[in-house]
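Please open the model in your viewer and keep the selection panel at hand. The tour moves from one selection to the next.

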Amino acid sequence: MVLQIEEDVNRFKRIIKGKIKENLRKYISHGEMIGKKGKELVSIPVPQIDLPRFRYGDPEQSGVASGEGEEGDPIGDGDEQGSKKAGNMPGTHVREVELSLDELADILGEELELPRIEPRGKKEIVTEKSRYSSIRKTGPESLRHFKRTYREALKRQVTANEYSKHNPIIIPIKEDKRYRSWKKDYKPQSNAAVIYMMDVSGSMGDAQKEIVRIETFWIDTWLKKNYKGLQTRYVIHDAAAAEVDSETFFSTRESGGTVISSAYELCAKIIEQDYPLDEWNIYPFHFSDGDNWSMEDNARAFELLQDKIFPASNIFCYGQVESIYGSGKFINDLHEQFPDNDVLVTSMIADKEGIVDSIKTFLGKGV
Amino acid sequence: MILTGELAKAKSEIEEYARDYKLDFFPMIFEILKSDEINELAAKGGFPIRYPHWRFGMEFEQLNKGYTYGLQKIYEMVINTDPCYAYLMDANNIVDQKLVMAHVYGHCDFFKNNYWFSKTNRKMMDEMANHATRIRRYIDLFGYDIVEDFIDRCLSLENLIDYHAPFIKRKSGTPEAAKKIKKLKSKKYMEQFINPPEFIEEQQKSMQEDKDGMPAFPLSPEKDVLQFLIDYGPLEQWQRDILSIISEESYYFAPQGMTKIMNEGWASFWHSTIMTNHVLSDADVIDYADHHSGTVHMSPGQINPYKIGIELFRDIEERWNKGRFGKEYEECDSYSEKQNWDKKLDIGRDKIFEVRKIYNDVTFIDTFLTQEFCQKNNLFTYRYNERTKKYEISSRDFQAIKQQLLFSITNAGQPRIQVVNANYENRGELLLQHITDRFGLDVNYAYRTLENLFFMWKRPVHVQTLSEENIILMSFDGNKHKSQTLGKA
């Protein structure tokens, strides 16, 4: 039996993702199944579309069941799966599984109406790959296609009436021989490097870092979806900059002043060393509260941007999170310095709600 | 894949036993399927060819996830057709397969003999495939989205059928013809004094006036709302056709909703009888017991139709074997006498066969649920406590349990709704009435459903129901919803 349900499943998934049939959106409910994976409880989301019907207001409020107990005894505990109201029991950890990051990225892309990413520049970088996908009549014996060869021989013998089913001997001659042949696949290579820079000076609080963390995660997911070989580098800076791993990047809390140029300097160095421009699409992201140490340093930072980073980057994103301490001047300075720059994209992120818009600003430009 | 080897042998063996027990079934066709195939079939209600619709995909996703994560699996599926198709899952062990076969013979006997199934189309495989073809044709003509949207609306009204409609023979002829002039009863010789010519004339006149004014329409409330819409709704021909397809399929599945407890109880009764008396080898017992107890297991706070059903059938068999019924038994006051009551009638088997023939869940529970049974099976009613946010046992009283149970299965658990006036306010508006004495409708769902109803009727629609203590009228006029209180219940 062939599965025919695919059509319906795809249709359902597209409705859930909000691609089609907007009118059903209000009926989507997010049920779950509780599964076990080792010791962990795993919540398996089961989205459902609940078409409206006439039904009783609250039939679930009462019913018949069986078991021990006096009148007035609670029975809720035995029924974890059924009653959603019970919620998570303390001490158990329910993890959400399911949506793969690719699917997430798809949803994100559709939700934010992000454009597909164009590979950099005019000279597309292509890789060549050979695949044995066709057949030809000449070739080395080592590539002879046994089955095809015999099939040809059989065909010939049958048409020539040389074949007898009582004595089914098939002898290929030279014309019957078939050989595997390869085709060259040209694949545009899309390599991308992302350099995340974050200001971790005293004025960046946990709330600000949380915002940066979430935003970076989504940007990362989206870019990974679009680039096969995505490399990410993390740079933190206060008065001095350092390259760190992702864990440190998200958890460090430093104190001290802010010298933005230090980060840009390191960024420029990373690009220069590791990512030759003709092979890489480069996306530097910089998050800060916009409170730089001095005007002189601003000048130095702009110089680095102008001379080294902008020419190398597909796009340079500067996100400024709002902080009660910072002056938040840097974003304005950037605008003044580079009024009509195509590579520079800036965004103000006031709070968590602002993240979506900010991602849209950053990636919506087509990166 | 059809049965081979050991399974084919098991089938003929079990079929033999089933016949010996006088089970009477359609020819059985078993097929072995993989989990995703069986999930697909289950998602489509057991039929390989259905019209395309996302909800089958949704069901499939759910079943497949449940199976993948090891939370649930389908052991068996059996379709009410002639010949009767049943599907087995290839991953099950042989004891499970045998149990399922025995179980399926029970179901098939039930399908064939229970009165409530007597009007179902036994060639439904073909019919469903025809429906699919028709709907695909409409999709080609009008477009996927348009047709699917319309199906969504139909499905929203799918439960508004009259479960008893297939069994009611309507009198033919027009309603007007049935209307006679109202005469007062009289002896023949008094006729001209009691019903003088002037009186008759007057009656005729008033009847004529009635006719000139709009007569009520429908004349009496119509429980089959779907059929009413098919007959009188201002629909396009293709829409009417799709609505009738949905209605037909809804009616086909209706008896299964009406006999859930009996059907599962009956099948479990027979798998247990056949397996334990004949089929099981010593090596199989543990596997069998494991599966059987899983099937009839009642977790606290839930009711399992398999369990209630099988226990009730066993109880009935025992009671009729021992003569524990009738006036004499009912009126016996002595507990010990009742405990030892045994008239050795041995008519239990006949009785349960009779029960499976003419009862449905409602009459089954109403007739055979006894106080002793509730006590033996530890039944209780429960209620949600707003204060503690927990479900609590509210009563172990027999009447309360019976009432609650009956409520939950009456009309297959759906609210009973009928068309009372299709010319409401003399403006061609549609008035539905929810027949209830306890619970009202879910307000949000009702409003959304009214929108779909409006789409069918194209004039304002109303439904009268309860809210708390009040009778309310919920309306939708194409733009906005409205709710007004009509009075105290």
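In what order do the five strands of the open sheet in chain B lie? Bear in mind throughout that this is a predicted model. Select β6, β7, β8, β9 and β10 of chain B, and you will have the strands in their order across the sheet, β6-β7-β8-β9-β10, with mixed pairing. The edges are formed by β6 (416–424) and β10 (481–488) of chain B, each of which pairs on one side only, and from one strand to the next the twist averages 25 degrees.

Next, select residues 429–435 and 461–467 of chain B, which are the strands β7 and β8; these run parallel and are joined by four bridges.

Helix α10 of chain B, residues 225–232, lies across β6 and β7 of chain B and runs at about 30 degrees to β6(B), while helix α21 of chain B, residues 443–457, lies across β7, β8, β9 (470–476) and β10 and runs at about 50 degrees to β9(B).

Finally, show both chains, where the contact takes 42 residues from chain A and 59 residues from chain B. On the side of chain A that touches chain B, the elements giving two or more residues are α1 (6–16), β1 (28–37), β2 (40–49) and β3 (62–66) of chain A, and α1(A) gives the most, with six residues.

Methods. Residues numbered from 1 in each chain as written. Chains lettered and ligands numbered in written order. Predicted model: local features only at pLDDT ≥ 70, side-chain atom pairs only at ≥ 80, totals over all residues. Pairing = 2+ DSSP bridges. Axes fitted to C-alpha atoms, helices over the stretch in contact; angles between N-to-C directions. Contact = placed C-beta atoms within 7 Å.
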